[in-house]
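Hi there,

Here is the structure I promised to pass along. Have a look, and then read on for what turned up.

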Amino acid sequence: MTTSPERQAIAERQLCGLVNGLAQRIAEHVRERAATLGLTASQATALREMSGPMTMRELAERMSCEPSNTTFVVDKLEKQGLVERHPHPTDRRAKHLVLTAEGTALRARLLDLLAVDSPLSGLNPQEQQVLHGLLEQAITSR
């Protein structure tokens, strides 16, 4: 069964609106929770994504931003004593970003706050997994 170009355009517009709306709700949720901890949304995103030691490039990929923007965010986190740069174990050119004890504790508080009234909390874990799979399929298919 084929879809007419008009129906396809309407479906794409509606889906774009829904995806953008969800992204905006998630961004607002992060901003609100970050503010309660004295962080910017970018700082909160960096802390959320730092699940272990990683390079600046890896963090930039996880944050979906340019490495130069990530450097700016990490510089601020480092000044706050939340992140340290360590020599990379196998690449002399790279540094490993590592959370300090204070950074690890703040990250745990942030994750707890982000879990409360999350925009995705209306979906159970199985529904979240299905949504993830469908979005991933739409992004990777050609």
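Which side chain does the side chain of R33 make a polar contact with? The partner is the side chain of E32, at 3.3 Å. A polar contact here is a pair of N or O atoms within 3.5 Å; within protein, one must be able to donate a hydrogen and the other to accept it, and residues adjacent in sequence count only if both atoms are side-chain atoms.

Before going further: this is a predicted model, where local features need pLDDT of at least 70 and side-chain atom pairs count only at pLDDT 80 or more, while totals for chains, interfaces and linings use all residues. Residues are numbered from 1 along each chain as its sequence is written, and side-chain values use heavy atoms, with hydrogens and water left out.

R33 sits in helix α1, which covers residues 5-36 (helices are DSSP runs of H or I, at least four residues, and strands runs of E, at least two, numbered from the N terminus). R33 counts as buried because its relative accessibility is 15%, buried meaning under 20% relative accessible area with a 1.4 Å probe, protein chains only. Leaving aside residues up to four places away in sequence, R33 touches L113, L114, V116 and D117 (contact means heavy atoms within 4.5 Å).

As for the whole chain, it has 6 helices and 2 strands, in the order α-α-α-α-β-β-α-α along the sequence. Its C-alpha trace spans about 55 × 35 × 25 Å along the principal axes. Of the 142 residues, 27% are buried.

Best wishes

Terms used. Buried < 20%, exposed > 50% of the residue type's maximum accessible area, 1.4 Å probe, protein only.
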